Amino acid sequence: MDGSDLSIMLHSPEEKQGVGMPIPIKIEVRNLSQQSVWIVGVVDGSEDAIRYPHYLPRISMAGQVVAEPPPPEDPLVGPLRLADFRLLAPGEAFDPTNPHPGAKFLPISTFSSFRSAVPGRFEFSLVLSTQSQYPEQWLGSFGQDAERSAVLERIAQVPRLTIRSNVLKVEVI
Amino acid sequence: MTYDPTYQEGTSVAFPELAMKGMAPPEEVENGTDSDGLAAAGEQIDSRIALSERGVSGLYRGTSGDFQLELRVDVDGSRPMNRLSGDLFRVTGATTTYFGSFIVNSPTVTRTASSVTIEGLGEYTWSTIAPQVKVTMSPAAPATIQFSTTSGSPGSIYICPFVSSYFRSVQWEQDSVVDTVPFVSYNTGSLPQPPNSLSRELTVSKAYAEAGIGLQTAGLTNIVDTSASGTDTRWSASELHAAMVSNFSLWEDVPQWKVYLIVATSYERDDVRGIMYDQQGLQRQGCAVFYDAIQGTDAARQRAQLRTYVHELGHCFNLLHSWQKDLADPPAPLGPNGGLGDLSWMNYVQNYQPPPPAPGGEAAYWANFPFQFTDSEIIHLRHAFYRNITFGGNAFGVGAAEIDPEVVRDRTEDNSGLKLELRSKDVYAYGEPVVVEIKLSTTDLRGKRVHSYLHPDDEMVQIAIRKPSGSTVLYRPMIEHCVDEVKTITLTSEHPAIYDSAYIGYGREGQYFAETGHYQLRAIYIAQDGSRVVSPTLTLQVRSPYTATDEEVGELFMGDEQGQLLKLLGSDSEALKHGNEAFDLVLDKHSEHPLAVYARLVKGINAQRTFKKLAVDKVVKVREAKPRESVALLSSVVDDSTAEKGVDNITLNLAMRRLARAHKETGDLERAEATIDRMVEVFEHKQLKPYIVQQITADAEAEKAELNEA
């Protein structure tokens, strides 16, 4: 399995957005392969790249980065649990910020808190990476003992890849 | 005996108003200020001011019988949370041990010009029959706390003088690495802030003082010289922990209201601003901020520095990030929008997102943040159960802990002059008898007289065992030994410790180490003056069997009868016939297996002695000793153990002395004496402390003298 077997797409409403207004961004991760795939959504520390999976957002305008996650505050991230894993069937998609029952996913703060103070054309992109060097780079820094072994086993089943989303262009007026 | 500090016989008072007359004035406590000009813990309150003016909130402390109560009243004053809470400690001899905590949410408050009554039903960390709490306060008198049953029967009463307007007082030591500049203060009016937030000069201490927590700078401030590390200015969590242990002048590896912060250069990972790194052993005693990531003198950076310092210390208080609170054990409720909407020191500025359509992000955070903790965080800071908040208490993220047996509690104060330690192997095979070594030593340079009953079977030392499943049990001996005779010894600087070893694998509840996994053990020594000296936690592992043979042999050691035989060091009893058969099978089929040494030990010691049986005709029949069989078995035990793969030292000592006796019983006195001499040589080569070798040598001489008796 490689990066071509999963895709990540960003969507927004087609109409132009207003200055100072939030821009609703919908994220969709889809399994393009012929087999089921284990994947994890946006968990505590994913956006800061403190722990895997990494979901790394960026907002640019005229080639300049106008919003991206700041350096991490501290590395105290919550545990990764079996409930946070989602098995995607062939062709199935999910929103990694919208948790299924039992999962603890978080929004991409860079996207959800962005409000442009000026009009213009903004480009949204997101990179998903599961290419950790060690499986322990997925684990939380507290409360992890309870499911540690089972989670490590499940991590091994997540395909290792880095995929980049489409560049979503949003007009702000 | 079950103790309940809310219902002790002989301490309840039916008419507490009468008991208040003639009481001493409120206890005077230390009064000083820290560098911020804050009143330190222990303001002297003018009791002539009517209660309705001065308010009643704060910390009170009193005793009843063996118990000391720290009561926190939080019904008026700055940001009242309308709570009562308390921590109870048991004082025995020179030791003070935490017992439990309680909280009363939303108590009923009744005020008159001359009294305030606060009452409600408490929630407790233990099961109590007197859960109702009533606090009564009058001018010029301490607070009276009356516990009672839900039907109104009076329980214990505590008279508690006022101690402090701070709900908790903490000593905070801060060190910094050379070439870093620690944060001092920030004026909240320097940059736009919410209209309802007062402009004020905020230090880290003042931020916590506003939450009702007295954070006093204490200890020795060090500038840490890192020249030896060269260009490596990054710190790992392990290095930070080691630095804390060596530099924190208030350091003790016990739960205490003392915390450490180091201003370091940078973390092993780029751009991390801070970390609560202490997640090993007794956790949450220290944190770090990283100067390279947070430095700057402009207002925005100073504001961010203040936040980082307060934030990381918040983790030491066991506060999680705003969006993580439901991950605590037990889970705590999240604030708005899954906690992301919290305006708190514990949120990340970039993560701030109130419920839509309100804006989020860093600008919105600072525009709305009043430089305070949320209500739920203040309730935690002021009223969390002791072990859930004290530094070195529960692990990070663990809330009110499961209830340990009453005997095993964190020490809060130990003036006994004694130290207790447990030692064992790190890893035991499945089925391997778990033998622990118990050491009692003196910390008192003047010497200390102690009783020498260290073996838990004498029940003057208790051992608590937390199993891999999480349940905690107390080792209870199969047979109680009543020690009527007082056997004491004086521990001195020349002879500072006594030792014993104990097989604790089997007791009154059966096998204690039947599960594979990690166990935690703590021992308690009950001194003659009632002091209860608690050992540090010992962790050991029972590993899963590697092979089918390991599993088979392990199972042959796991039966009840086998446990009893190990405890008794052998027996001819018919009731233990199957246990003996299991050990015979080990020796027949698995004679080379490492665990076979224990079967030989049990059988060898049993063969060395005679065995009396009461037959059905009520006549005692004596099975004669079988010394040649004993010699064969115990010689093998000694050979294995002197090669470092058999039994522990104290058991080896026992085995060699029994072997010597067995030799004598075969008529070979020369071989018996040679065995004793060999015993001394073996222990001389083990690099034991000189006074221990001297003791062994003296015991050997006594043994030889006994062997030579006709």
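The following dialogue reads a few features of a predicted model.

Me: How many helices and strands does chain A have, and in which pattern do they follow along the sequence?

Reply: Chain A has two helices and ten strands, and, read along the sequence, these elements follow the pattern β-β-β-β-β-β-β-α-β-α-β-β.

Me: Which strands of chain A form an open sheet, and in what order?

Reply: Three strands of chain A form this open sheet, in the order β1-β2-β7 and with antiparallel pairing. Strands β1 (6-11) and β7 (93-94) of chain A are at the edges, where each has a single partner strand, so one side of each remains without a neighbour in the sheet. Between β1(A) and β2(A), which covers residues 26-31, the antiparallel pairing runs over six bridges, and within this part of the sheet Ser7(A) lies opposite Arg30(A) of β2(A).

Me: What share of the contacts in chain A with a separation of 6 or more comes from residues 24 or more positions apart?

Reply: Such residues account for 78% of those contacts, while 42% of the 173 residues of chain A count as buried.

Me: Turning to chain B, where is Ser452(B) placed, and why does Ser452(B) count as partly exposed?

Reply: Ser452(B) belongs to the loop between β26 (448-451) and β27 (461-466) of chain B. A residue needs 20 or more other C-beta atoms within 10 Å to be buried and 12 or fewer to be exposed, and Ser452(B) counts as partly exposed because it has 17 C-beta neighbours inside 10 Å.

Me: Which residues is Ser452(B) in contact with, leaving aside its neighbours within four places in sequence?

Reply: Ser452(B) is then in contact with Lys487(B), Thr488(B), Ile489(B) and Ile498(B). For Ser452(B) and Ile498(B), 46 residues apart in sequence, the C-alpha to C-alpha distance is 7.3 Å.

Note on methods:
Residues are numbered from 1 along each chain as its sequence is written. Chains are lettered from A and ligands numbered from 1 in the order in which they are written. This is a predicted model: local features need pLDDT of at least 70, side-chain atom pairs count only at pLDDT 80 or more; totals for chains, interfaces and linings use all residues. Helices (H or I, at least four residues) and strands (E, at least two) are DSSP runs, numbered from the N terminus. Two residues are in contact if their C-beta atoms, placed from the backbone, lie within 7 Å. Two strands pair if DSSP finds at least two bridges between them.
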